[in-house]
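Have the sequence and the 3D view open while you read.

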Amino acid sequence: MKERKFFISLQNRLALTYALFIGFALVLLTLIINVFTGVIFTTLIKGNIAGETGEIIWAMGEQYNPMSRSFDAAAIEAIGMHFVHEGYIITVEDESGGLVWDARACDMRECMTVIDEISGRMKGQFGMSGAMRKDRYPVRYADRTVGAVTIETYGPYFYSETEGKFLASINRLLIVAAIILTVTSFVISIVLSRAIARPVNKSAEAARQIAQAHSGSAVGEPLTIRIDDHYQTRELAELARSINSLAACLEEAEHRQKQLTSDIAHELRTPLTCLQGDIEAMIDGVYKPDREHLESCHEEVIRLAGLVKDLHTLTSLEWENLALNKTEFDLADLLRITAEQFKAAVFEKGIEIHLRLIESPVVADYDRLKQVFINLLSNAVKYTDTGAVTVTVEKAANPGAAWEVSIADTGIGIPESDLPHVFERLYRTDKSRNRSTGGAGVGLAIAAAIVRAHGGTITAGSNGTEGSACSGSVFKVVL
Ligand code: ADP
């Protein structure tokens, strides 16, 4: 793929889009208003001209004297000159076609001035080219044609001085409004695009800083970076929240990684120190390298190997996608077989294992679930010195699950404050106590990871009445 060299910023792109859109809308709006006002105004003007024409014909007809069968020439001149100033060049004839009055003959100069003024206004100011047109109308008196009026005007229509001024001021108003709207929309487009681009830029900057921090190139603890997610726009708030939760996840992962490293270092240090001490003592001749000391060293090595193996299992369960090899089997069978493995240990400790099982078919990963129950049973046996371990299977109360397996013991129990943490990696309720029992605090974390991969839940609780000194523990696995 060819690399793109030119990038336009989101803010500029938004501003440009808004400006183009608003500009286009304004041009369209102005055009529409212009066309509409033009059409309305022209109709109005044509109506005015028709009205004036009607008035001229009526006024001329009024000057007819039926007795003398002639027109009052003086009145016709007064009326005619009035209309000349309005842009109407009039000629009046009597019924025999004889000229009664002609505006041009009366005052040619005034007529030409009026015609020049109107054609200059129409062509120069409004860009409308027209020409003088003549229309002849009969003058009637009592249903009789008594003469004719010829009206010469600028056609197809013309604006009077007042109408011209009015139209020009409307056009000016439209231009001013368009300029004001353009400037306002330009400012609004900049403000809007900035309002949208700013949170996106902030998110991008935060993501860049988080990436930098995660890759270790930044100083301090920049993974604590969080951005403001109180935006009105849903998508922007969502983006900010996603970045924040990404940062929180990375922070948590980094914290877990640091914690794991320090926990592992701590777990390895003690057996290694013991080994080192034993071996140095043998080298210095303090101990003889006899069977007893070598076996003690061997035990430490085995414990170390076990811890490394457990940690490896846990890491692969937690970090890699746990692929389950699911088959159909009876949970009761699995629990029976698993419990068998603890027969010798139970016998040695003088305790018992009770099984309360019912037929319980499941589709699950047999080997992984076996690992879960081995871990739970080995803990139960390990931390119980008197009494019994009881394994029960019953129908789950939760409608989303099928079976509930509980492994209860009458052992030392788990303090209330430790219950929420027992499934955490390398967590032990009593570090010194567990050192002697050999646990590193990984077994329950492994069990929890497997149960979670099956979509189930695992919980720890007290087995017994509240307040009793030795309550024992109960672990419940719901599948
Ligand atoms: P460990 O290998 O130390 O047993 P686990 O992860 O299996 O590690 O258990 C974590 C801690 O939970 C143990 O160290 C122990 O303190 C406590 N625990 C687990 N099961 C029991 C139990 N049945 N009775 C009492 N304490 C228990």
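The largest nonpolar core here holds 47 residues, and those with the most contacts inside it are Leu-331, Leu-369, Val-372, Phe-373, Leu-376 and Val-477. By nonpolar core we mean a set of buried Ala, Val, Leu, Ile, Met, Phe, Trp, Tyr and Cys residues joined through side-chain atoms within 4.5 Å. Helix H11 (residues 443–453) gives this core its largest share, 8 residues. A second, separate core has 34 residues, including Tyr-64, Ile-90, Trp-101 and Phe-158.

Before going on: this is a predicted model, where local features need pLDDT of at least 70, side-chain atom pairs count only at pLDDT 80 or more, and totals for chains, interfaces and linings use all residues. Residues are numbered from 1 along each chain as its sequence is written, and side-chain values use heavy atoms, with hydrogens and water left out.

Back to Val-477: leaving aside neighbours within four places in sequence, its contacts (heavy atoms within 4.5 Å) include Val-372, Trp-403, Val-451 and Ile-458.

Now for the strands. Helices (H or I, at least four residues) and strands (E, at least two) are DSSP runs, numbered from the N terminus. In strand E6 (residues 144–155), 10 of the 12 residues are buried, meaning under 20% relative accessible area with a 1.4 Å probe, protein chains only. Two strands pair if DSSP finds at least two bridges between them.

| Strands | Sense | Bridges |
|---|---|---|
| E3 (residues 89–94) and E6 | antiparallel | 6 bridges |
| E5 (residues 131–141) and E6 | antiparallel | 11 bridges |

Asp-94 stands opposite Gly-147 in E6, while Ala-131 faces Gly-155 of that strand. The hairpin of E5 and E6 has 2 residues between the strands, and Ala-142 takes a positive phi near 45° there.

Key:
Buried < 20%, exposed > 50% of the residue type's maximum accessible area, 1.4 Å probe, protein only.
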